Amino acid sequence: MTNALNPKTSFQALILTLNRFWAEQGCVILQPYDMEVGAGTFHPATTLRALGPKPWRAAYVQPSRRPKDGRYGENPNRLQHYYQYQVIMKPSPANLQDLYLRSLYAIGIDPELHDIRFVEDDWESPTLGAWGLGWECWCDGMEVSQFTYFQQVAGVECSPVAGELTYGLERLAMYVQGVENVYDLNFNGLDGDDRISYGDVFLQAEQEYSRHNFEAANTEMLAQHFKDAEAECKALLDFGAKGERHLMALPAYDQCIKASHLFNLLDARGVISVTERQSYIFRVRELAKACGEAWLKTEGGGA
Amino acid sequence: MPDLLLELFSEEIPARMQRRAAEDLKTAVTNALVERGCAYEAALAFATPRRLALHIVGLPARQPDLKEEKKGPRVGAPQQAIDGFLKGAGLNDLSKATIQSDPKKGDFYIAIVERKGSATQDVIAEIMPDIIKTFPWPKSMRWGKSSAHANALRWVRPLHSIICTFGSETETPDVVHFEIDGIKAGDITYGHRFLAPGPIHVRRFDDYVSKLEAAKVVLSTDRRKDIILHDAKSLAFAQGLELVEDEALLEEVAGLVEWPTVLMGSFEERFLDIPPEVIRATIRANQKCFVLRKSGSNALANKFLLTSNMIAKDDGATIISGNEKVVRARLSDAKFFWETDLKVKLEDRLEKLKSITFHAKLGTQHQRVERLVALAKELAPLVKADVNKAERAARLCKADLVSEMVGEFPEVQGLMGRYYATRQGEDASVAIALEDHYKPQGPSDRIPTDPVAIAVALADKIDTLVGFWAIDEKPTGSKDPYALRRAALGVIRIILENNIGLPLAQHHINADLLAFFHDRLKVYLRDQGQRHDLIDAVLGIDAGNDDLLLVVKRVEALDALLATDDGKNLLAGFRRAANILKAEEKKDGVTYSGTIDAALLKEPQEKALGDILGVAARHAADHVKKQDFSGAMRELAQLRPAVDAFFEAILVNADDAATRKNRLALLAAFREATRTVADFSAIAG
């Protein structure tokens, strides 16, 4: 194996290794969803596909944006844009824990050297109306993944239950590469002049987006866009409703994703008061629930 | 006698649920067995992160036979009733029933139903599926293919296998066969996830424990705790350090490992600038590690102890360095917060409190601080606190809520306030108040003792209670989301343990809230071993019962009085008077007041009582005014000879109506006199 393809020395090789591993488990390897989301769970391949009776297996990288976590590139661990690696298997296979551990071995974590633990962590997403039980997965005291058995998504009971794995890719890579600053990660696995670091790729973006998220984003415009996305989501849900069937669950859900991200931006700008916050979250959740219901009336949702 | 071994093997059970779950399993299984006539000698329950286990010793091989009498209809009842009886009793012929004669009801049928006891293992097979399906997990889930069905099995995390064997020591135990959601009970378990993952064939409890041990699983939580504690102490000792013991953390950590291996890591000395509580909070909360102090000193050492679940082939070097990395990152954050926070004065943070809602209907933290300032100033003189210091402390007491450190570690609120106040040169009492105004947090927490801290602590709690009362968010049943019971108990403890006289009614507390305080006070005093009827007797007197310290002093004085002969007889006299009054007042349809016509007092015994009553009541009231309750009780006790003599010689219900009335008034006066100290009618016994 060249360094470029070694998951222990190359960030992109870590992703390639995970793709290969989960492809072998029968997952469809998707590309990131082309919208701004706060976590891999928002991808319709997880949120919507978790609903309904049809079996589903997918894995993908999802760039995730958490505007509030921006630190102008000055914090070694915090980013407003980062990668999550997401796996969803419905119904959850009986050996999902084993599969997860084998994926860690595949990226170079030796179980005879490390202390891997499943520590209680009940997952809940108030904006998605979703919850599940599971763990945060620790490797030598560091949380490297989130492991959840979805019980409810978009306000709907999961039937059957999907298992979801979320790897924090930067953190995992920092661990296997042994670096303490995310910007020092080797991105392409090469050395010398050919080496490209995570900082080379993303440092400038972190600085610029931190300014944008905290200082510049036009809050009036964002608030208006939120209203627009909310209204459009409802309009599309109305338009697509055809009796027992729904013909536009996916486009409507896009608007829900949009609303959620706009809320996150407004939140980062500090213009949302505590009481308003609850109401925004509630509004997004109502959209997510309506989209979930619509999805169940589509072919993908098992109708 | 045969034994039962049961194991429920699953994915990782949350640490905080394990001990309770093991006990619940024991209770459920033993109850179900006993209900079915299967008594047992002993039962032991165990939990590890991946299994619940139960060992029941000394069960009978068979359930005892049951003989049951079923009552039927009377002889000659309609055929329908007789058929129903036969069917219910499982008889095919009326001749199998016996006839019993009853002198009142006549002859009727009786069926003697004998039920052969089943083999105990059949009983176990019958009860287990239900016990597992209805197990009381605080939170449970569905999983896998079966979760598509509505009645899918729920467990805390996916359940993988079940051991259930039954048999005596001298024979090979049998597997008890049952199946639930596709899992068949058997005799196979699995060892440590990484060190011995293979299947293990088990016969009974003895070999189960030893085979698990060989497969790197310590079954008993308490043994795992002992191992961790022992190893932690020796590792510390070897470095000249002491473990900072932490029972709750130890319990949690023991629930995260099947094979505890304690390892020592370290962090840079420079992090020791951070307040030790913060170091401990971050290492404990995020990493579940123990901290260490230098022997014979309170100062923390730059070391920590982690409990891993592995025997690693490099003796733990990689595990230690990984944990150190995380601890370092956490401490870097904490140090950054600490240093950033020190750059901003507490008073300069107040503006930010405007953006924090305390409660939607009770305004912002900033508004709350304004209220606290006013209330602390009002209370300061009563608790002998300097008014200016109390005002300053109240003003600053919530400022640390908007510090970086408290944003990250909410559990160090107050404490950080104290640190920051000390660093910016605030008066020592003010600094202490910033930490102590939150106290006491529970029945075992310490209470503030510095007057300034007392003033702000009382203000904090009273404002909370008054506020939530005003918006009608009172605790109901088990629901008390704003911890109002704790706040009231806090006020009670602060007042009583610091000997503070505080008439609550004069400080914004209305009758309904005062009643809540009284309820809490009763609970508190009962826990202290005080008789609840005496508390009721004292609270039954409205005047002055808003001063809780006085209430308690009265209760104590009353208790002391009732311990004497005089007190006991006085109470007996009171009861006699009260009973007579009750009966006569009912008869006459009036309530007698204590207005006596002295001219109508003729007999020496009634005269004597009349004279002494007036004096004693006045003296008792004087003592009460001076808050000398023992003195007041002594005065009342002096009534005893006169009361006794009165009842001995005088017939209350005299023929002459005016005399009778006047004697009843005399008793009423006696009743009123006792009310200067307590409502004697509430005293039990």
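A: Two strands pair if DSSP finds at least two bridges between them. Strands (E, at least two residues) and helices (H or I, at least four) are DSSP runs, numbered from the N terminus. This is a predicted model, in which local features need pLDDT of at least 70 and side-chain atom pairs count only at pLDDT 80 or more, while totals for chains, interfaces and linings use all residues. Residues are numbered from 1 along each chain as its sequence is written, and chains are lettered from A and ligands numbered from 1 in the order in which they are written.

Q: How many bridges join S2(A) to S3(A)?

A: Strands of a sheet pair through backbone hydrogen bonds, either parallel or antiparallel. Strand S2 (residues 56-65) of chain A is joined to S3(A) by 10 bridges, and the two run antiparallel. One pair to look for is A:Ser64, whose bridge partner in S3(A) is A:Tyr82.

Q: How many bridges join S3(A) to S9(A)?

A: S3(A) and strand S9 (residues 163-168) of chain A are joined by 6 bridges and are antiparallel. Here A:Ile88 stands opposite A:Glu164 in S9(A).

Q: Why is S3(A) described as largely enclosed by the rest of the structure?

A: A residue is buried if 20 or more other C-beta atoms, placed from the backbone, lie within 10 Å of its own; with 12 or fewer it is exposed, and in between it is partly exposed. Strand S3 (residues 81-90) of chain A has 10 residues and 9 of them are buried, so the strand is largely enclosed by the rest of the structure.

Q: What is the order of the strands in the 4-strand open sheet of chain B?

A: The order is S13-S15-S16-S14, with antiparallel pairing. Strand S13 (241-243) and strand S14 (261-266) are the edge strands, each pairing on one side only. On average, neighbouring strands of this sheet are turned by 35° against each other, direction ignored; such angles are taken between axes, lines fitted to C-alpha atoms (for helices over the stretch in contact), and run from 0 to 180 degrees between N-to-C directions. S13(B) and strand S15 (residues 290-294) share 3 bridges, and B:Leu243 stands opposite B:Leu292 in S15(B).

Q: At what angle do the axes of H13(B) and H14(B) cross?

A: Two packed helices are described by the angle between their axes and the distance between the axes. The axes of H13 (residues 428-436) and H14 (residues 451-470) of chain B cross at roughly 35° and come within 8 Å. Among the residues making the contact are B:Ile432 and B:Ala433 of H13(B) and B:Val456 of H14(B); two residues are in contact if their C-beta atoms, placed from the backbone, lie within 7 Å.

Q: Is B:Ile495 buried or exposed?

A: B:Ile495, found in helix H15 (residues 484-497) of chain B, counts as buried because it has 23 C-beta neighbours inside 10 Å. Leaving out residues up to four places away in sequence, B:Ile495 touches B:Ile500, B:Leu502, B:Leu548 and B:Leu549.

Q: How far apart are the centres of the two domains of chain A?

A: Domain bounds come from an automatic or database domain assignment, which for chain A gives domain 1 (3-212) and domain 2 (218-295). Their C-alpha centres lie 25 Å apart. In the contact between them, 20 residues of domain 1 meet 19 residues of domain 2. In chain B, the C-alpha centres of domain 1 and domain 5 are 69 Å apart.

Q: How many residues of chain B are in contact with chain A?

A: There are 33 residues of chain B in contact with 30 residues of chain A. Strand S16 (300-308) and helix H8 (317-342) of chain B each give two or more residues to this side, and H8(B) gives the most, with 7. The side of chain B that touches chain A divides into 15 nonpolar, 9 polar and 9 charged residues. Here Ala, Val, Leu, Ile, Met, Phe, Trp, Tyr, Cys and Pro count as nonpolar, Asp, Glu, Lys and Arg as charged, and the others, Gly among them, as polar.
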